[in-house]
Amino acid sequence: MKASLSWIREYVDLPADVTLDKLTERLTMLGLKLEAVTNPADAITGPLVVGRVLTIEKEPQKNGKVINWCSVDVGDANGTGEPQGIICGAHNFVEGDLVVVCLPGAVLPGDFVISERKTYGHLSAGMICSAAELGLGGDHDGIIVLPADAGAPGDDAFGVLGMDDPVIEFEINPDRAYALSLRGIAREAALGFELPFTDPAARSTPAADDAGHPVVVEDSEGCPVFVARTVSGFDPTALTPAWMATRLEQSGMRPISLGVDISNYVMLELGQPNHCYDKARLAGPIRVRRATAGEKLTTLDSVVRQLSEADLLIADDNGAIGIAGLMGGESTELSETTTDIVVEAAHFDPVTVFRAGKRHKLHSEASKRFERGVDPLLPQAAADRVVELLVELGGATADAGTTVVGTAPAPVSITIPVDLPARISGIDIAAETTLAHLAAVGCDVSLDGETLTAVAPSWRPDVTDPYDLVEEVVRIVGYDQVPSVLPPAPAGRGRSESQRLRRRVGLTLAGEGLVETISYPFVGEADWDRLDLPADDDRRTALRVVNPLNNEEPLLATTLLPGLLKALARNVGRGNTDVALFETSLVFAPTGDERAPILGVDRRPTDEEWASIEKAVPRQPMHLAIALTGHAEEAGWWGEGRSASWSDAIGTIRTLATELGVELEVASTTREPWHPGRCAELRIGERVIGHAGELHPKVCKAYGVPARSAVAEIDLDALLEHATTVVSGPRFSSYPVAKEDVALVVDASVPSAAVEAALREGAGELLESIRLFDVFTGDQVGEGKKSLAYALRFRAADRTLKEGEASAARDAAVALAAERTGAVQR
Amino acid sequence: MSGPNTDYDPVEVTPLKAEEVERMRDEALVAIAAAADLDELKQVRLDHAGDRSPIALANREIGALPPQARKEAGARVGQARGAINKALGERSAVLEEEHEARMLVEESVDVTLPTDRRSRGARHPITTFSERLADIFLAMGWDVAEGPWVEAEWLNFDALNMGADHPARTMQDTFWLEPAEAALVLRTHTSPVQARTMLTQEPPIYVVCPGRVYRTDEVDATHSPVFHQIEGLVVDKGITMAHLKGTLDHMTTALFGEGITTRFRPSYFPFTEPSAEMDMVCFVCRGVDSDACRTCRGEGWIELGGCGVVNPRVLTACGIDPEVYSGVAFGFGIDRMLMFRHNVTDLRDVFEGDVRFASAFGTEI
């Protein structure tokens, strides 16, 4: 909401010591937040004056352009009283027009210095200004042509243009709809400085009678009050006076025609949206009713709207002429021939207007006010004010008759303990202060013992609850009076187990050299194809967003790989060639038949209701994914580097499992998007928690990541569930270790894990550790075979091993490996 | 070598003559002193103190002396051997020291060579900053609560006093999920976590809810459809706006230092009444000569977020008796605070996954 300072002053006489800064600061602290102050005059140093164009000589130029050599009367402003010769390129004016002239010596916005200069064969002494040149904005072409009554040649143009009048823009919160008007803003200013307030809505209005334009309200819930007044003999050629046009523009509205401008002006002044109909184009009584099926209306914005049966309409005998509170129809709008006008000022149900706006995706200045709540006592005053202006400025005559249908809803009465504002704010507020402030807000207040009853004023439909009264009192006392006190929280237990473990996961992975990323969860079908997921893959079952930002990505991720691979590609594209990324994030695993109920809010949901909500929210497990490409270890003076591979992907998850004390089993498998020969299934017992390995070459291409990039993705929740949270202190032997190495030849297809498991079991309890230190294939071991070399360490807990004990254990290990895996000792 | 002499007859054994023994000793000492390195010394040891050295051979001749002469000869040879061994030990120590000193010189390396075999990992600053913020509240005894990202419409809106027809719903541009009757949204704020907490715990409640939220904002330098909030909720007996102010003052002081406190301005949120915007003193200019300050753009204050007294309607919907309990709540953007605290100028850096971004912050913030 924008308002000029002079307009505010019309209703509250601000003393000189209330500077603009003080005013905006006080209003901000009352809840009308200062957004911006604009004062166009600040950007210009004069002289800027009114001029009358005396003569125009059109002079065609070689380049095809026509320029105007003008003689302009600027009164005595140029010191000589002689007409000023000025070159002008615009053509939207004629001789006799009043224009805005910038004389030599003036500086316009952008340090644009105006001086006498020779151009097009003349000495041009000044400039005829456009709005843009003066920094006034607007989308007008050409120069400013002032209304004929704007002033006389030589007058200071700042005043005429309203440029000496700062415009304050407020951010109005949805609960303070009353402040979407000068009436509301000025009332707050008066309240803030304890000054008298002149209410522009306080006017005596003619009593309702049956002589006015007939109105039938069929839906009094949607339209509790409807007021109609008529005028006749309006002069459709009458122009909007300069002062009104300026104020509309200052408030961000475009002047259109006098009738429309008056309607908008009264809305800004009082906060009551209203509408003017061309009476000649109305057929029969005005009817307020719901739309019927199939009904249509062309609204003022020239859009044909298919109406819903839930829409509340203003209609006449020919059909709809407006959507209540939202926008009028084209067929009955004021035109250049309108002489008789029906003025509507009504009160509409906020929800009805809000829903219509949502349905038609249409938001107007009227609906903005109605859906937030307008003073229901305003319609009569507003209609009367519109009529007054149509008479005064448009030469109309007010017709007899005032139609008033319905009555304003009764105001709300709220009861609170008188100390509630003090108790809730923590400020020491006396009872009399509470009473005084509520009265200042406009409440009708009474005190009975410790119980305060307040009847909210008609313009504050937002004040309905006890705590609303608290806010009113506290904002006037001042939020800056709230003391600073730490609440007495009970002793806490710190982070939850899961939160601690996740911190540990992040630190472990960062310690392994991986960098955490955060990706958007938005993916598309194309991602499933890029990952080469089979048609029946679970990961293709995804939640779909109704209103995605990008129509190509309407789905919510079921896997973190698309986001991570895009980040990987982005890094490589930017020249970060050695990249190791990780992300922990929720993924969305819907069943497809989630239905969340909308419950009541007047009580706690029942246990069943709560269970139905919990059930309807899709499962969202936390996943961990990693992606690796380029060097795992750099080449350097120390020797060769090492490329990240499938084994790093598996190894990283193994390291993490070890850190968390989880026994992770690794087995070979195939799954998209991994390389079919280089994919590991990661299990805890029987439960598969994820996969790791090299990315399929096709997938690398599809995402534009380097060949042999490696990835892993696991269900992190599942891993954390199995984490060892309380580690038992280890017992270890201080007796000497005995080392034995064995080299076993097995079929190439035998997994080393199986050999190791057999060795481990066969070696028995003297085995302390086993480590595969070499894998070898080639002629020496034979075709289709591989050699696995293991280092075994034996140790007893309670004694030094005797000669032969370790080698016996080794032999037992080899024997079992031979039996289980066909291993032959080399 | 002479055989053992069991007689008491004096026998002349040349090597055991005093002058001979002295000569052997002196020759040995000269050779030891002359040994230039450990290898030479090793040879000297063999030549003058080894099994075949003159002194060792002389020692063996002692047995050839008549018994009464052995003692004297033994003492003479023993003293000579002692002197040789002592000299050997001393010379050896000197030479070893010289050798080690030389080795250390020869083994010197260029310690300025690069050592970056593996690149350093990092956690995302949003993660670490969320933890840092939560730490402040954990230290006050609060809990950290979390909730799902796809949330029931009722929890995201209705339970928070934003019914279907509430104009405030349009303040939060919402991602809705299909089908409409599923009544699911990507949560637009972390407030549903507050509702969940109230629905599942008895007061007193002291929680912070850091987490990811979603709104239909197009991506630019200061907007993202995905961002992060931290909200706090207290529900207890006798809770007032003063407790809210105290908590927030403590938080800003803990993060930005003494004197960095907050102020409230009236505002509106459906879930709080009274509601306030909270600002904190600019931690760069501290409100002094703010005009040139680029952090607060001359305001002296930095906007943090919203807060207020929990609307009793919210307490009621979540099963808490507003006649017995009152609550306060606050919320602000983690991304935004990260940006101004750490001079991050483009929000896109937070979400694009360029490793250079997170790497700059390391594993704690």
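Predicted model: local features only at pLDDT ≥ 70, side-chain atom pairs only at ≥ 80, totals over all residues.
Local features need pLDDT of at least 70 and side-chain atom pairs count only at pLDDT 80 or more, while totals for chains, interfaces and linings use all residues. Residues are numbered from 1 along each chain as its sequence is written, chains are lettered from A in the order in which they are written, and side-chain values use heavy atoms, with hydrogens and water left out.

With contact taken as heavy atoms within 4.5 Å, 102 residues of chain A touch 108 residues of chain B. The buried area (accessible area, 1.4 Å probe, that two parts lose on being put together, summed over both) is about 8900 Å², and carbon and sulfur atoms give 61% of this area. Nine salt bridges (a side-chain nitrogen of Lys or Arg within 4 Å of a carboxyl oxygen of Asp or Glu) are counted between chain A and chain B. One of them links the side chains of R495(A) and D135(B), at 2.4 Å from N to O. On the chain A side that touches chain B, helix α13 (residues 497–511) gives the most, with seven residues; helices here are DSSP runs of H or I with at least four residues, and strands are runs of E with at least two, numbered from the N terminus. That side of chain A comprises 53 nonpolar, 21 polar and 28 charged residues, where Ala, Val, Leu, Ile, Met, Phe, Trp, Tyr, Cys and Pro count as nonpolar, Asp, Glu, Lys and Arg as charged, and the others, Gly among them, as polar.

K33(A) belongs to strand β2 (residues 33–38) of chain A. Its relative accessibility is 18%, so K33(A) counts as buried (under 20% relative accessible area, with exposed over 50% and partly exposed in between; 1.4 Å probe, protein chains only). Beyond neighbours within four places in sequence, the contacts of K33(A) include E169(A), E171(A), R265(B) and E303(B).

Turning to strand β33 (residues 622–629) of chain A, eight of its eight residues are buried. One face of β33(A) carries M622(A), L624(A), I626(A) and L628(A), the other H623(A), A625(A), A627(A) and T629(A). Strands pair if DSSP finds at least two bridges between them. Strand β32 (residues 579–586) of chain A is joined to β33(A) by eight bridges, running antiparallel, and A580(A) has L628(A) as its bridge partner. Six bridges connect β33(A) to strand β39 (residues 710–715) of chain A, also antiparallel, with H623(A) opposite D715(A).
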